[in-house]
Amino acid sequence: MRSGIKLIQAAGLLLWFAMPLPAGSVEAPFPADHRTMHRTVSYEEMSTFLEGATRPGFISVTEEGRSAQGRKLFLVRLNRGGSKARFRVLYYAQQHGDEVSGKDALLTLVRDIAEHPEQLPEDVDLYLMPMVNPDGAVAHRRTNGAGADLNRDHLLLAQPETRALHRVARRIQPHVAVDGHEFGRDGEGYRTKGWEPWPLITMDAANHPLIPAYLKAAGLEAVAAAAPLQRKAGHAYVRYSLGGPPPDEEMRPSTAEGDDGRNSLGSLGALSFIIEAGVHHRAADPQADLGQRVDGYRLLFRHLLGDRAWRDRIRKLTERARREPLPSFIATNVFWANLGGKVTTVKVVETASGRVIEVPTANAMTDLVVKGSVPTPKAYAIDAAAAARFAPLLTSHGLHWETLARPRRVRIEPCRVLRLEDTYDSLYQRYEGRVIVERQPQVEVDLPAGTILVALDQDLARRAIQVLEPCLLYGLYGYPGFRDLARPAADLPVSRLF
Ligand SMILES: [Zn+2]
């Protein structure tokens, strides 16, 4: 087998010498027509390909860190307008190592733009992080080399891959950010009904309550506007949702918490999306239709670059969102519901016949309901005893803070954890980590030297709230590494300061 492969490689090389590539062509580990792809690009192939795709002054590749197991985290920058390229875009993929098509689509984009630079508008500064989780990609599994689910690590930034992604995002300050994933089309719930989910490709916008409403609305507008493009290409497309088969089981948009890529990068002031392509995991060859998923992805990547007018509008909107004052209340407890009991029609594929059928259901929950909120404080105060635990967290998030050199008299509101809940809750559709917190009466205190103050008059205030607000239902104390700080009948190490 081994010598056979060598022979084929040698033959390929001979062919390459016999027929020199036309000017501008790039040697790529995938076919000229991306729609015929049926094998994903490996970490090794990607590394070689990116090396060869570099074009001085136009396409650059940098190493932005190493994975838990020491693999390179690549960032590709495509820019032909120099400093005139003012619309900054960050596409990243494969946080889940076994979800491949977003990365493949990004690599075909690099090839196409390298060969046809005119495909990249001159006012676009395009950044791609095609493989955020190379360890998971090599092992073909969801988690990274340390066993962590990277797309649940955006509050803690405990992993080198998520820390690198956030460093890049803070440096670039993208106007548009997109996270690439895949979902299964042949899960248990659908199979027992003899169905599979209809869409091949889906997209959703950030929905965290702290993200200004006009930014969330612009995101959903872009999600809807992609439908005719996908229809024209023959791809089944809807807004991304989670949940079981209709009509009995609940379907809803993705979580509204700040621990994933979409909501955490959205809180930096970007128009932030998730794309999910559908895979037949149980098929004899799950990658047989890879080219179709890649095509669906590419249409969305192009769509989100928009035209000049759209780019100018989104640039102004996101820059406004970065300056937007904080709301006077922070939503701490939110869930998805169906206000008024609307009946929605959901398309599914009947597996046996291949027929598309429409199922009416009232269990599609598309309305975000706020069940609890707290007044926005001026700052958070972190106990001196917990300072060493919190300092790396604040650093990873690029937050500014002050360590008190001498005692300071302030008014604080301490918080206390009543209990941590790990049972399944059908309202929140989650199993673990609900933190039930009770606010204590405000008191005037002398904070001792060594206390950390994180003021909310800083650029990344929304991120600071997502990370530090003690009253969040899915806050820090539900996560490993911080759970032990939620001691019964004792105040939390973070207080709200007024
Ligand atoms: Zn995923």
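Helices here are DSSP runs of H or I with at least four residues, strands are E runs of at least two, and I number both from the N terminus. I am working from a predicted model.

I started with Gln173, in the loop between H5 and strand S5 (176–184). Gln173 is not a glycine, yet I read a positive phi of about 50°. Most residues other than glycine have a negative phi, and most peptide bonds are trans. Is Gln173 buried, exposed or partly exposed? I find 16 other C-beta atoms within 10 Å, so I noted Gln173 as partly exposed.

Ala489 went on the list too: its phi is positive, about 65°, and it is not a glycine either. I located Ala489 in the loop between helix H13 (461–468) and strand S23 (494–497). Ala489 has 7 C-beta neighbours inside 10 Å and counts as exposed, because the cut-off for exposed is 12 or fewer.

Then I looked at a peptide bond: Pro246 and Pro247 are joined in cis, with omega about 0°. Pro247 sits in the loop between strand S9 (242–243) and strand S10 (251–252).

**Entry 2, domains.** I have domain 1 at 20–329, domain 2 at 332–369 and domain 3 at 377–497. The C-alpha centres of domain 1 and domain 3 are 32 Å apart. For contacts between these two, I get 16 residues of domain 1 against 17 residues of domain 3. Which element gives the largest share of the domain 1 side? That is helix H5 (residues 160–172), with 3 residues. I sorted the domain 1 side into 7 nonpolar, 4 polar and 5 charged residues.

I checked helix H7 (residues 213–225) against helix H11 (residues 308–323): they pack at about 150°, axes 9 Å apart. The crossing of H7 past H11 is left-handed. From H7, Tyr214, Leu215 and Ala218 meet Ile314, Leu317, Thr318 and Ala321 of H11. I count 6 nonpolar residues in this contact, 1 polar and no charged.

I traced an open sheet of 6 strands, ordered S17-S22-S16-S23-S18-S21, with antiparallel pairing. Strand S17 (402–403) and strand S21 (443–447) each have a single partner strand, so I put them at the edges, one side of each lacking a neighbour in the sheet. Strand S18 (residues 408–413) runs antiparallel to S21, and 5 bridges join them. I followed Arg409 across to its bridge partner in S21, which is Asp446. Last, I looked at helix H12 (residues 387–396), which lies across strand S16 (379–382), S17 and strand S22 (452–455) and runs at about 30° to S22.

Technical notes:
Residues are numbered from 1 along each chain as its sequence is written. This is a predicted model: local features need pLDDT of at least 70, side-chain atom pairs count only at pLDDT 80 or more; totals for chains, interfaces and linings use all residues. Domain bounds come from an automatic or database domain assignment. Two residues are in contact if their C-beta atoms, placed from the backbone, lie within 7 Å. Ala, Val, Leu, Ile, Met, Phe, Trp, Tyr, Cys and Pro count as nonpolar, Asp, Glu, Lys and Arg as charged, and the others, Gly among them, as polar. Two strands pair if DSSP finds at least two bridges between them. Axes are lines fitted to C-alpha atoms, for helices over the stretch in contact, and angles run from 0 to 180 degrees between N-to-C directions. A crossing is left-handed if the near helix is turned anticlockwise from the far one by less than a right angle, and right-handed if clockwise. A residue is buried if 20 or more other C-beta atoms lie within 10 Å of its own, exposed if 12 or fewer, and partly exposed in between; C-beta atoms are placed from the backbone.
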